[in-house]
Amino acid sequence: MARAKLPRSPSEGKAGPGGAPAGASAPEEPHGLSPLLPARGGGSVGSDVGQRLHVEDFSLDSSLSQVQVEFYVNENTFKERLKLFFIKNQRSSLRIRLFNFSLKLLTCLLYIVRVLLDDPALGIGCWGCPKQKYTFNESSSEINWAPILWVERKMALWAIQVIVAIISFLETMLLIYLSYKGNIWEQIFRVSFVLEMINTLPFIITIFWAPLRNLFIPVFLNCWLAKHALENMINDFHRAILRTQSAMFNQVLILFCTLLCLLFTGTCGIQHLERAGENLSLLTSFYFCIVTFSTVGYGDVTPKIWPSQLLVVIMICVALVVLPLQFEELVYLWMERQKSGGNYSRHRAQTERHVVLCVSSLKIDLLMDFLNEFYAHPRLQDYYVVILCPTEMDIQVRRVLQIPLWSQRVIYLQGSALKDQDLMRAKMDNGEACFILSSRNEVDRTAADHQTILRAWAVKDFAPNCPLYVQILKPENKFHVKFADHVVCEEECKYAMLALNCICPATSTLITLLVHTSRGQEGQESPEQWQRMYGRCSGNEVYHVRMGDSKFFREYQGKSFTYAAFHAHKKYGVCLIGLKREENKSILLNPGPRHTLAASDTCFYINITKEENSAFIFKQEEKQRRGLVGPGGGQGPSRLPVHSIIASVGTVAMDFQHTECPPAQGGEAGKLALPTENGSGSRRPSIAPVLELADSSALLPCDLLSDQSEDEMTPSDDEGLSVVEYVKGYPPNSPYIGSSPTLCHLLPVKAPFCCLRLDKGCKHNSYEDAKAYGFKNKLIIVSAETAGNGLYNFVVPLRAYYRARKELNPIVLLLDNKPDHHFLEAICCFPMVYYMEGSVDNLDSLLQCGIIYADNLVVVDKESTMSAEEDYMADAKTIVNVQTMFRLFPSLSITTELTHPSNMRFMQFRAKDSYSLALSKLEKRERENGSNLAFMFRLPFAAGRVFSISMLDTLLYQSFVKDYMISITRLLLGLDTTPGSGYLCAMKITEDDLWIGTYGRLFQKLCSSSAEIPIGVYRTECHVFSTSESQISVNMEDCEDTRDIKGSWGPRAAAGGGSTHGRHSAGSDPAEHPVLRRKSLQWARRLSRKSPKPVGKAATEWISQQRLSLYRRSERQELSELVKNRMKHLGLPTTGYEDVANLTASDVMNRVNLGYLQDEMNDHQNTLSYVLINPPPDTRLEPNDIVYLIRCDPLAHVASSSQSRKSSCSNKLPSCNPETRDETQL
């Protein structure tokens, strides 16, 4: 079989090693082989193999040789080098154009010099010809063209013009050659080339023909060539410095140059043509052009001959065509510039300080919240805010930014943070900070987070030294931006705050007021006492100071933390809440009495203003009391404390009453005298002094941990033996990366997923409703659209290790969509956490999830409804649903999250309520006064019943000045747990606690007994609202039935708790007795008989009012029947449902501090609730006050004091008696 012939290599045509031809057969020499291969000889087969080896050897040798390849050889030609120098290279091209521009200006200047030296009256003629004098004859119609064709040009001037003309001509021809692209006629007929030829060729011709040296040449037309050169030069300049070209600047420059060229051309042209007329000077011609082009037209100077008149007509026509086009382009660019916002100049960035706000879409609410909070700090008044937004500025934002207050320091730039050009426009690398906010109104919040992450990466890549403040919506995306200096996760804070709202009422209002900047002046002009006090206390914020430099805390160096906290509050009215060691970056809230203060510690405190802005005015008592017996039994002169008035700059000073406080140490003389009870000589427990240093025999954790351990280890009698033992540990599964580990109550074994479903039984249990589970505590129901990862942060604070087991409330998640397995895996380790599919607008779902056994319902804003076509309509469905639930279940404490804070005015809405109208007017007045918290007086917000996450945007803004605010807020919310740091909790003031008297004495009581730091009070009080025309309630004291049952109803009202203490009138409780409501028709008849008989029109109105009252009562009965019928239909027992018609206002107030206005049956006497942050020490305690406490960490000293805990538990101090312990329980 024939073998295919190999193709010949180029070497085969050469002679072999032996000199034989290539085609001759010769034995292969060994030296022809590669030294790496063995030599073979003999036979044709060996010869063939050797030939192939030789070819391979040659190829190998060829591959080893290097070949130098030159690139861009086309640029080595002479033409390409010239083109690179004159055109392509930006810097050299800029120099050439600058030189060309200078030449054109020089020719115009030489023309002006020639005109000034030329006088037609001295004679006119060619070079070397005899001069002829010319005089203008106005009566003659003939034109003498000699003054127009010939001019007088000096020899030196001619020489200079010729040299300039030659240089310009050569440069023009060279550029024509270099830019030639195959069409020569296109180059020749260009306007710039024609002008160059007109101004240069005649001068070159005069070199060879001398008589033409006095020929007039329109050199002034070089101004147009100078304008063209200037445009090119500016473009090259922007390219050379790698700067974004400013179209606005170029267009203004072109317009200015066009006007200048028109004036210069008209002036020179008319002056020259009028040499054959009145011989005008350059100044007169310039005056004529200005008067003509400005359409003034005085008429004192006019052209006399028709050529000059024709030139004027041509110039006017050109101006009418060219200038409008230039102005139109300028206006268009100005409008585009207004949309894009222009640039923030480099000079301003280097001399002024600015921050950049990056948002995907800018709404007016977001803008005003940022500006008001940012500029509320005095040291930020000189900062500029540069807004970088990819969308066009909307009309409302444009109007606001035109206000002088903002127009001088807010700059809007339309651009993207992902473009380096736009970041350069904003001078991001020179910025003091960059705030990147997410668009929470997006339907897809995950996509909004992805955009925020990319913006953060882009800014970090462009300006790595610029501090980043990032807002993230979903917690699972937080770890992508962990490099940022400060990060606020919206859903983490939101769910933790809503969870604390269930056990510490109005935590959302407390945190919102703390993170807002206020001067405490809101509501000071209101006639309502609660509004003045609430507005004053809302000015309290968190500040920091180094202890060694502080006048507040310097004297307590070496003392315990609780000692410093109490005495600083007693003396200055400030509330010390935490500190940070110099060697440790962690902030500790209430580290406890064992913590000794050092001069290097950073103290964090709550006050109206920071210490640097406070004035200290020491006052002495007017009368010195000496020799008086103290209330505690001690003799001798009582030591009077020095009280201070903290006066903030520009605000009204807070006055502290002169309350007598016990000394720091001492025996009976340091205790406060207590009033006797019922005339007997027995005394209640006194308030012990706060020790300077912790006593080792009295350890705080013994009281808490031992009680908790009893709760866990010893089940009560009513719980039986079926109680599941809970363990303390860290949750094994976190639904997202970056969650802070928290020690929690956990199940010893994870619950199966089927057992987490509340409304369906499984093989492990057959319970199908909340009643069957037999929960001892009331339920907490959360209504959400989906089980997002943020919902995990709702469960953790409610299952934290420092919550007593008996205080754990069952949690029911009412979800629109079924949760995924990852979420169920995360919550299955927590005790008493269930879920159910259903909607908050479905009554059946609410009843099945056990709403009649719940004390708290949290309605979370749904992602799908956060955006609406009409602004502020996103909350419409939520508001209506919550209003319906409040009608159906008035005893339920409902916390609602809204998208827009302005919609909270629709919560508990009543159309013709004069008190709500007064609150609305107060809100508008506070907004006009520049308040950042104009909505704070709305009753739902003051009571903590409504919340919007946008209120927490200020937390990110405040961190620019207070970098510790995010850490402190997360510690208060329980999102972070630092060893040794305390936690937020609450205690209720009962009738037995009123002997304490004031908030300052309570402060001492808590610091001395349990080392707890109170930071505020949640107060619920009855309030008499003014009655509107449409709100008519029937006075039941006029009824005989009321008198009959007063005796039996009284004890029940008195047993309700402190809500009726000293506040309810005698007739308010009987007015709501169930029996009275069931006899509504009899009441109406008896009222119509017993009441004074009105006459005329008044009688008709009175009867209509009674009918209206009866109609309302029947409406409530209908709602009650509706709920009971649905429960029967679902097979649920109706015994747990309290009839709406049988529910009294006092019952509602005793069960939960709602802060809601009660139903219309009790219009005259309603309740309102509000938060007092760090109230003055002389504030009187009232029944049902709930005190916010920062309790120290129970595990802070457990490891070092496990043995001493037993002895201290058995030998408690008098301050640790059971009564004190009951006071500090929630």
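**Close-up views of a predicted model**

**View A. Thr200 sits in helix 7, which spans residues 191–208.** This is a predicted model, like the other views here. Thr200 comes out as buried because its relative accessible area is 2%, under the 20% cut-off. Its side chain reaches back to the backbone oxygen of Glu196, at 2.5 Å. Leaving aside residues up to four places away in sequence, Thr200 touches Ala165, Ser168 and Phe169.

**View B. Two stretches that UniProt marks as "transmembrane region", 155–176 and 188–209.** The UniProt entry is unreviewed, and the feature is also placed at residues 98–117, 252–273, 279–298 and 310–335. What does the chain look like over residues 155–176? It's 100% helix and 0% strand there, with the end C-alpha atoms 31 Å apart. Over residues 188–209 the chain is 86% helix, again with 0% strand, and the end C-alpha atoms are 25 Å apart.

**View C. Lys427, a non-glycine residue with a positive phi.** Most residues other than glycine have a negative phi. For Lys427 the value is about 55 degrees. You'll find Lys427 in the loop that runs between helix 16 (420–425) and strand 4 (433–436). Is this lysine buried or exposed? Lys427 counts as buried, since its relative accessibility is 8% and the cut-off is under 20%.

**View D. Ala1011, in the loop between helix 32 and strand 22.** Helix 32 covers residues 999–1009, and strand 22 covers residues 1013–1024. Ala1011 has a relative accessible area of 5%, so it falls in the buried class, which takes anything under 20%.

**View E. A nonpolar surface patch of about 660 Å².** The residues that make it are Trp145, Leu149, Trp306, Leu310, Val313, Ile314 and Val318. Which helix gives the largest share of the patch? That would be helix 11 (residues 306–340), with five residues. Leu310 is a patch member, and its place is in helix 11. With a relative accessible area of 44%, Leu310 is partly exposed, because that value lies between the 20% and 50% cut-offs.

Definitions and conventions: Residues are numbered from 1 along each chain as its sequence is written. This is a predicted model: local features need pLDDT of at least 70, side-chain atom pairs count only at pLDDT 80 or more; totals for chains, interfaces and linings use all residues. Side-chain values use heavy atoms; hydrogens and water are left out. Helices (H or I, at least four residues) and strands (E, at least two) are DSSP runs, numbered from the N terminus. Buried means under 20% relative accessible area, exposed over 50%, partly exposed in between (1.4 Å probe, protein chains only). A polar contact is a pair of N or O atoms within 3.5 Å; within protein, one must be able to donate a hydrogen and the other to accept it, and residues adjacent in sequence count only if both atoms are side-chain atoms. Contact means heavy atoms within 4.5 Å. UniProt positions are given in the numbering used here, feature names are shortened, and annotations may be inferred rather than shown by experiment. Patches are made of residues with over 30% relative accessible area and no salt bridge: like charges are joined within 9 Å, nonpolar side chains (Val, Leu, Ile, Met, Phe, Trp, Tyr) within 5 Å. Accessible areas come from the Shrake-Rupley method with a 1.4 Å probe; for residues, only the protein chains shown count as cover. A salt bridge is a side-chain nitrogen of Lys or Arg within 4 Å of a carboxyl oxygen of Asp or Glu.
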